[in-house]
Amino acid sequence: MKRLPPLPALHTFLITAKCCNFTRAAEALHITQGAVSRQISGLEAHLGYRLFNRQARGLNLTAQGRELLPRIEQVFSLIEEALDQVDAKPRALQIKAPTCISRWLLPRLMQWQKERPDVPVRLTTTSAHTVDFRREDFDAAVVFGAHPGDFTHVQHLFDEQLTPVCSPSLPFSNPLSRLADLERHMLLHPTLDERDWTLWLKAARAKLSNVEQGQHFDTMDLAMTVASQGSGVAIGDWSLIGEDLSAGRLVMPFELRVRTGAAYYFVHPRGASIPSPLQDLLDWLSLQAAERRIG
């Protein structure tokens, strides 16, 4: 195998060929003019032919120099590209999700980033419960509803299960041993209507006079936060508040959990060949969701 010339000498040739002047090449390379001249002479000796014609007014490339230049440019371009690819940070997966699942999803994505820093995730939350991959640039999304919609890849996470929740201090100050006791508390609604409380009370075969007088919130997260502060009894989704229950921030005064028919799904826009990093995230989230369903 022919011995290759030194890489620094080839780089000096590349810069000098662009300048056609030893002085300007030396300035660009931050070395002396004499060093540039010696490297070019050494390279020519190694190759066995001249690369430049030395003239009183400067330099110009020989026929061999002109032929070699584009090839050397390509070599250094490939080296630069290879270094950029190795140094480049992995592209973050773009995920969309409704705000109602953020209480469950955010802690898990934070844990995911600790375990898999090589697969970063950027989450966008929205009040919308679905996604249009034709107009929205996301790698995947969590959607919520009675049906997941028309997507190539769908993974069921868990069903919505409504149940009343409150601060653990609330039953001590004002008992909640019977359904009728809810009349003495402020009912907190996670939506701008009363449909969740109405659905749960119908399943419990109970009627309350204070349902319409309750406090309404734009998101479930706000309702859960206010409930944890002892300001009333919220209707929440048991599937999403496991950490709050385990940590004792919230308690369930009643055991009844009512399935609404709606569920959370992880959806992907493209065909069966889901990218490996996204598949890893999906498998991990599915395992987390399965643990909640079992619990």
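**Entry 1: Thr62**

I began with Thr62, which touches Arg50, Leu51, Phe52 and Asn53 when residues up to four places away in sequence are not counted; contact here means heavy atoms within 4.5 Å. I worked on a predicted model, in which local features need pLDDT of at least 70, side-chain atom pairs count only at pLDDT 80 or more, and totals for chains, interfaces and linings use all residues. Residues are numbered from 1 along each chain as its sequence is written, and side-chain values use heavy atoms, with hydrogens and water left out.

I placed Thr62 in the loop between strand 2 (58–61) and helix 4 (63–87). Helices (H or I, at least four residues) and strands (E, at least two) are DSSP runs, numbered from the N terminus. Is Thr62 buried or exposed? I found a relative accessibility of 8%, so Thr62 counts as buried; the cut-offs are under 20% relative accessible area for buried, over 50% for exposed, and partly exposed in between, with a 1.4 Å probe and protein chains only.

**Entry 2: strands 1 and 2**

I then looked at strand 1 (residues 52–55), which pairs with strand 2 in the antiparallel sense over four bridges. Two strands pair if DSSP finds at least two bridges between them. Gln55 has Gly58 in strand 2 as its bridge partner, and a hairpin of two residues joins strand 1 to strand 2.

In helix 3 the buried residues are Ala35, Val36, Ile40, Leu43, Glu44 and Leu47. Gly48 follows helix 3 and has a positive phi, near 90 degrees.

At what angle do helix 2 (residues 22–29) and helix 3 pack? I read about 105 degrees, with the axes 8 Å apart. Axes are lines fitted to C-alpha atoms, for helices over the stretch in contact, and angles run from 0 to 180 degrees between N-to-C directions. Helix 2 and helix 3 are therefore roughly perpendicular to each other; that term covers 65 to 115 degrees, with angles under 35 roughly parallel, over 145 roughly antiparallel and the rest oblique. From helix 2, Phe22, Thr23, Ala25, Ala26 and Leu29 meet Gln33, Val36, Ser37 and Ile40 of helix 3.

I looked up Ala25 separately: it is in helix 2 and is buried, with a relative accessible area of 0%. Beyond its neighbours within four places in sequence, Ala25 is in contact with Ile15, Thr16, Cys19 and Val36. Ala25 and Ile15 are 10 residues apart in sequence and 5.9 Å apart C-alpha to C-alpha.

I traced an open sheet of eight strands in the order 4-3-5-10-6-9-7-8, with mixed pairing. Strand 4 (121–126) and strand 8 (215–216) stand at the edges, each with a single partner strand, so one side of each has no neighbour in the sheet. Within the sheet, strand 6 (residues 153–165) and strand 9 (residues 233–237) run antiparallel and are joined by four bridges. Leu162 has Asp237 in strand 9 as its bridge partner.

Helix 7 (residues 195–203) lies across strand 6, strand 7 (187–189), strand 9 and strand 10 (258–268), at about 75 degrees to strand 6. Helix 8 (residues 220–228) also packs on the sheet, touching strand 6, strand 7 and strand 9, and its direction makes about 135 degrees with that of strand 9.

**Entry 3: nonpolar cores**

Which residues of the largest nonpolar core touch the most other members? I found Ile101, Tyr264, Phe266 and Leu281, out of 38 residues. A nonpolar core is a set of buried Ala, Val, Leu, Ile, Met, Phe, Trp, Tyr and Cys residues joined through side-chain atoms within 4.5 Å. Helix 10 (276–294) is among the elements that give two or more residues to this core, and its six residues are the largest share.

Ile101 is in contact with Val142, Leu157, Phe158, Leu240 and Tyr264, leaving aside its neighbours within four places in sequence. Apart from this core lies another, of 22 residues, among them Leu10, Leu29, Leu43 and Ile72.

**Entry 4: helix 5**

Finally I noted Pro107 in helix 5; Pro107 is partly exposed, at 37% relative accessibility. Its C-alpha is separated by 9.2 Å from that of Glu243, 136 residues apart along the chain.
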